[in-house]
Amino acid sequence: MAETLLWVLPLVPTVAALAMLTTGDRRILSAIDVGSSAVLVALTLLLAREVEAGGPRSLGVFRVDDLGLVFLLLLVVLTLAVSIYTVGWLRQAVAVGNMKAESLRSYFALVHAFVATMVVTVLADNLGVLWIAMEGTTITSAVLVGYHGHRHGLEAAWKYIIVTTIGISFGLFGTVLIYAAAADVMGGAGTMSWSAIMEVAPTLDPGIVRIGFIFVMIGYGTKAGLAPMHLWLPDAHSQAPTPVSALLSGVLIKCALLAIIRFQTVAAAACGPAFAEEVLLVFGLISVVVATPFILAQRDLKRLLGYHSVEHVGIVALGLGFGGAVGTYGALLHVVNHGITKALAFFAAGTAIARYGSRDMRAIRGLFAVAPIGATLLMLAALSLAGVPPFSIFVSELLVLRGGIGHAHWVAIAIFLVMVVVIFAGLLHHAGAMAFGEPAAAASREPEAWSPLLAMMLLAAIMVLLGLTIPASVDGLLRRATEVVVG
Amino acid sequence: MSAESVYTIVDDLGALLLFTMILILAAGQIYRAIYAVAAQSLLIAIAGGVLATATGNVDLWVIAGVTLGVKAIALPWVLLWVVRRMNVRREVEPVIPVAATLTLAVMVVVMSFHVSASLGSVRHAITGNALPVGIALTLLGVLVMATRKTALHQMVGLFASENGIFFTAMAVTQGMPLIIEIGVILDVILAALVMAIMVLRVRSTVDADIASLDRLRG
């Protein structure tokens with residue numbers, strides 16, 4: 001049963017993508033979109049129950065364990081939210097001419113092809129398949145980033161495809177090196193399967209694994225948006241259509257983090273945990289520090305959120321770098337929290353931008369007066385992103401911090417705290433200025449569309465819930481996932 | 001073939017690969033860089049054939065054939081087609097002078113050999129000097145992309161980078177699993193097509209070269 005699900009899961013969005021090519025009607029397309037995402041959620045929940053009862057399952061090149069399940073659940077929930085959001089967003093985008101009604105089928109088909117490649121990256125056990133699917137996500141999403149077809153969109157798309165393709169070719173090199181180390185130990189043809197490599201990991205040659213891990217870290221780190229390889233991220237995340245921005249920021253960079261975690265476990269077994277943790281710590285700190293000035297000085301709302309993703313990916317890397325059960329648990333929880341919150345923030349920002357016809361935060365004023373529900377949701381997202389209690393990101397940042405204190409990384413903790421406080425002030429300043437005050441005359445006063453609100457409320461509910469309490473089932477899953485990483 | 005002669009041939013091919021990389025780095029006109037990367041891919045295919053004969057691994061023959069067809073013939077042909085289509089006459093100056101690029105390149109090669117030499121057991125896992133050559137090609141491909149602003153130069157740099165990875169992958173004891181190599185090559189083809197379409201689309205919709213798109217900052 002669970003084994004069957006492993007190949008059915010990537011098939012669902014693939015079939016949906018093909019079905020979407022056959023029709024050009026917006027209503028039918030949206031129906032397939034929401035329907036296929038709902039099926040994906042249902043099947044994933046079924047798989048989660050099977051795995052909880054019977055442990056990791058594998059089938060050929062696919063494998064699901066508790067670690068992969070954390071990322072898979074985030075992926076399918078956000079995909080569903082994006083599908084619901086798209087219904088209303090698309091109606092508005094077609095009306096103002098941002099999306100061409102005749103090219104909708106290719107847009108939807110690409111989004112689902114993109115989702116399918118992400119599902120494969122999460123389920124891949126074979127490290128080669130992981131790489132192939134990761135490059136597949138670049139190819140499908142690059143077209144989506146430049147989908148609006150204007151000058152900035154095309155520039156962002158080009159930068160994105162070139163920087164991430166070259167980046168993950170480093171990832172392939174690292175994969176080849178670790179495969180070489182494994183083939184050397186196993187003799188014969190060797191294997192690229194992560195679970196098989198993990199079994200022999202302690203006997204791998206530490207020298208090759210070390211170089212391999214650095215290559216992988218640069219490679220998948222580029223895709224994850226870790227500084228200093230993040231240069232494509234603010235452009236791509238800000239120029240893409242809003243639903244795609246949410247998928248890029250909420251899910252795709254997390255898939256790259258999962259790839260890094262997989263290699264981290266191999267490196268930790270082969271050359272001791274300290275080496276991999278140090279590398280992650282350095283990249284995490286650089287990301288947090290580099291993102292801060294850009295967040296403070298930013299005028300473009302979606303670019304602000306893009307730089308914010310760099311900061312939060314940095315925090316996840318810090319959590320993994322601090323290591324231990326607490327740091328790793330915090331990092332995994334942060335992956336979930338940031339994914340949910342960032343998607344919510346992109347949704348709220350997208351509706352605000354559509355209402356004011358501008359992405360410049362100086363033009364967006366008095367959102368509360370024209371769109372009270374949307375403004376409330378934007379404020380909630382901003383408060384959570386800034387790390388205000390009782391929202392979910394506060395909890396995971398605290399756990400990451402505790403992981404650091406447990407291992408006495410005082411310098412890293414000091415830098416981290418200063419940056420978080422500065423970003424906190426900067427973000428609340430930006431958000432407050434947008435929400436309050438007199439609305440500009442140019443602002444649209446149309447009533448708020450229901451489907452974007454529904455999608456945002458779904459995410460806001462999860463965000464608030466995870467801040468107040470972590471349900472026992474989620475906690476158990478995260479604990480088991482942490483065990484996969486730290487052993 | 002004896003193990004010794006395979007080592008020698010792989011090392012000789014590695015030297016030739018580095019030579020083609022220098023040609024790419026120094027190429028003033030784009031079509032020269034494209035011919036150089038085609039020659040480089042041809043050398044990779046030959047290396048695949050040699051390693052296939054030496055190890056008796058049939059998969060490597062398939063990989064060598066696909067490399068020859070796709071990377072040495074089809075992709076350079078697509079690039080040349082785009083060059084003709086765009087009617088490129090103006091040459092964009094490199095960001096830093098070619099002499100400085102070549103100096104950097106020498107440093108990268110020396111560093112790659114130095115790093116690999118520090119790995120004792122690598123000789124068991126990877127044939128000959130395939131590892132340092134692979135690392136050097138990958139990094140030098142990035143150097144091409146960083147110092148050249150035109151879209152086609154960047155694509156050439158990308159292909160050169162991937163050649164480096166393929167060379168190292170072939171030299172791992174038995175080569176990578178066939179299905180993975182095929183998947184990787186498929187990705188390369190798709191990425192190249194999407195990039196070529198983007199280059200043409202930028203030309204037709206905003207009447208600009210990729211090199212002149214520089215408005216997204218900060």
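**Helix packing and chain contacts in a predicted model**

Q: Among contacts in chain B between residues at least 6 apart in sequence, what percentage join residues at least 24 apart?
A: The model is predicted. Taking the contacts in chain B between residues at least 6 apart in sequence, the share that joins residues at least 24 apart is 73%.

Q: Which elements make up the secondary structure of chain B, and in what order do they run from the N terminus?
A: Chain B has 8 helices and 0 strands. From the N terminus on, the order is therefore written with helix symbols, strands being counted separately. That order is α-α-α-α-α-α-α-α.

Q: How are α5(A) and α6(A) oriented to each other, roughly parallel or roughly antiparallel?
A: Helix α5 (residues 127–145) of chain A and helix α6 (residues 151–186) of chain A have axes 9 Å apart and pack at an angle of about 175 degrees. Angles over 145 degrees count as roughly antiparallel. The two helices α5(A) and α6(A) are therefore roughly antiparallel.

Q: How many charged residues are in the contact of α5(A) with α6(A)?
A: On α5(A) the contact includes A:W131, A:M134 and A:E135, and on α6(A) it includes A:Y160, A:I161 and A:I168. By class there are 11 nonpolar and 7 polar residues, and the number of charged residues is 1.

Q: Which element gives the largest share of the side of chain A that touches chain B?
A: In chain A, 40 residues are in contact with 40 residues of chain B. The side of chain A that touches chain B divides into 24 nonpolar, 10 polar and 6 charged residues. The elements giving two or more residues to this side are α5, α6 and α8 (206–224) of chain A. The largest share, 21 residues, comes from α6(A).

Notes: Residues are numbered from 1 along each chain as its sequence is written. Chains are lettered from A and ligands numbered from 1 in the order in which they are written. This is a predicted model: local features need pLDDT of at least 70, side-chain atom pairs count only at pLDDT 80 or more; totals for chains, interfaces and linings use all residues. Axes are lines fitted to C-alpha atoms, for helices over the stretch in contact, and angles run from 0 to 180 degrees between N-to-C directions. Helices (H or I, at least four residues) and strands (E, at least two) are DSSP runs, numbered from the N terminus. Angles under 35 degrees count as roughly parallel, over 145 as roughly antiparallel, 65 to 115 as roughly perpendicular and the rest as oblique. Two residues are in contact if their C-beta atoms, placed from the backbone, lie within 7 Å. Ala, Val, Leu, Ile, Met, Phe, Trp, Tyr, Cys and Pro count as nonpolar, Asp, Glu, Lys and Arg as charged, and the others, Gly among them, as polar.
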